[in-house]
Amino acid sequence: MAGKDHARLDELQRDPYPLYARARRSEGLIFVPELDAWLVARDADVREVLRRPEEFSSVRALLPDVMPSPAALEVLAKGYGKRPTVVSTDGPAHQRHRAPLNRGLSAGRIAALVPYAAERAEALVEGFAADGGVELMAAYAKKLPGQVIGHLIGLDPADVPVAVHGGYRAERLLFRPLDPDAQVHAAEDVVALQRLLDTYVRERRESPRDDLCSGMVAALAPGDGELTLDQRHELVSNLQNFLIAGHLTTTALIGTTMLHLLSDRRQWELICADPELIPAAVEEAARFDTAVQGFRRTTTRPVTISGTELPAGATVFVAYGSANRDEGRYDRPEFFDITRPLSRQHVAFGHGAHGCPGSQLAREQLRLTIELFADRLPGLRLDEGKAPVVMRPTLIHRSPEALHLLW
């Protein structure tokens with residue numbers, strides 16, 4: 001994608017909501033050149049597409065915005081080739097990839113994980129509570145979800161920073177324009193992550209443990225013989241996908257939630273005075289500024305959505321973030337309001353067969369974060385002396401670039 005195109009794409013991604021509003025008012029679907037896709041913006045249309053996976057395939061759900069350079073591709077070839085994952089499969093293949101995640105993210109597993117998440121959250125806050133100020137994204141939001149997901153997978157805590165760094169580098173390599181040298185360095189970091197995950201995969205084959213990595217090995221490569229190279233490629237791809245999805249999106253959700261709570265001082269004070277509002281705040285935050293703004297789908301046959309006829313092979317962008325601000329479903333949807341009646345009927349975590357299996361874990365981390373900050377730092381406020389908050393140019397994990405806070 002040319003630089004000029006990236007500038008337009010960045011502008012759209014930093015604030016897609018005006019486009020969404022126009023699309024919801026339009027008859028039928030509108031085509032968005034920056035996304036190279038038809039935009040599915042209304043709540044009813046989003047739900048319809050997500051209920052029809054046989055006609056709207058997920059195989060190309062995560063198309064990159066940038067094609068890596070030949071030099072970067074040469075580095076990536078030394079790692080583990082991309083294989084289908086739970087995000088990019090349909091039907092039986094999707095069910096096969098999802099099954100170990102459903103077991104690893106069961107209600108019981110999450111409940112057992114929450115005390116660890118709370119302990120790590122408290123340790124992170126303790127590290128800056130006496131400072132009077134913090135850049136929240138770097139000091140907390142980018143750390144807690146990686147530690148929690150790493151623990152769930154079964155990573156040694158010493159390996160978590162490498163894994164989290166590799167996840168961010170993969171995102172930058174595929175979705176941000178980088179100069180050739182930077183692309184190569186990013187590719188090297190991605191390969192380092194893949195090799196780390198391959199080490200865990202092979203270790204868990206020999207000595208299974210009670211962790212998600214072991215469960216994934218058992219589910220995707222049944223038996224007890226030595227893993228084939230193809231099995232290792234598939235396992236690394238799926239672990240990498242789960243790791244990245246598990247920490248990038250929750251990081252985004254923590255950042256945007258604290259931004260909006262503190263942008264309206266009254267709402268933060270309501271929470272500090274009445275912590276029973278926190279569950280509603282979690283749902284409102286997920287609805288109002290959805291971390292995963294949407295995914296692409298590809299039509300498998302000619303279809304009609306909202307009166308727009310699409311041929312087979314057409315790409316649509318299913319905008320969760322737009323559906324969650326649909327005027328036909330929500331009262332005053334453009335306002336962040338934690339006093340709304342508690343509802344989980346939004347599509348912030350998807351809908352149907354591809355609904356996010358980790359949604360409850362994300363909610364729990366956000367809940368305990370708000371509880372902890374309201375208890376320890378009730379005087380929390382935005383640092384008005386810093387530059388205005390700028391959102392990252394992405395629709396995959398919408399979040400502040402930085403969030404400077406004082407107390």
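Predicted model: local features only at pLDDT ≥ 70, side-chain atom pairs only at ≥ 80, totals over all residues.
## Ground rules

Local features here need pLDDT of at least 70 and side-chain atom pairs count only at pLDDT 80 or more, while totals for chains, interfaces and linings use all residues. Residues are numbered from 1 along each chain as its sequence is written, and side-chain values use heavy atoms, with hydrogens and water left out.

## The sheet and strand S8

Let's start with the open sheet, where five strands follow the order S1-S2-S8-S5-S3 with mixed pairing. Strands are DSSP runs of E with at least two residues, helices are runs of H or I with at least four residues, and both are numbered from the N terminus. Two strands pair if DSSP finds at least two bridges between them. At the edges sit strand S1 (30-32) and strand S3 (56-57), each pairing on one side only.

Strand S8 (residues 315-319) pairs with strand S2 (residues 37-40) in the parallel sense over three bridges. Across this pairing, Trp 38 stands opposite Val 316 and Leu 39 opposite Phe 317. Strand S5 (residues 294-299) runs antiparallel to S8 and is joined to it by five bridges; here Phe 295 faces Val 318. Five of the five residues of S8 are buried, so the strand is largely enclosed by the rest of the structure. Buried means under 20% relative accessible area, exposed over 50%, and partly exposed in between (1.4 Å probe, protein chains only). Thr 315, Phe 317 and Ala 319 cover one side of S8, with Val 316 and Val 318 on the other.

Tyr 20 belongs to helix H2 (residues 17-25) and counts as buried at 2% relative accessibility. Leaving aside residues up to four places away in sequence, its contacts (heavy atoms within 4.5 Å) include Leu 39, Phe 317, Ala 319 and Leu 395.

In helix H13 (residues 265-273), Gln 267, Trp 268 and Ile 271 are buried. They lie on the same side of H13 because they cover an arc of only 100 degrees around the axis, taken from the directions from the helix axis to the C-beta atoms. These buried residues pack against helix H12 (229-263), helix H14 (278-288) and helix H16 (359-376).

## Cavities

The structure holds four cavities of 30 Å³ or more. A cavity is a set of points on a 1 Å grid over the protein atoms alone where a 1.4 Å probe fits but cannot get out, and lining residues have an atom within 4 Å of a point. Grid points are joined across faces, edges and corners, and a volume is the space filled by probe spheres set on the points.

The largest cavity has about 70 Å³ of space, and its lining includes Gln 13, Asp 65, Arg 296, Phe 317 and Leu 395.

Note on methods. 1 Å grid on protein atoms, 1.4 Å probe; cavity = no way out; pocket = protein on both sides within 12 Å on 5 of 7 lines; lining within 4 Å.
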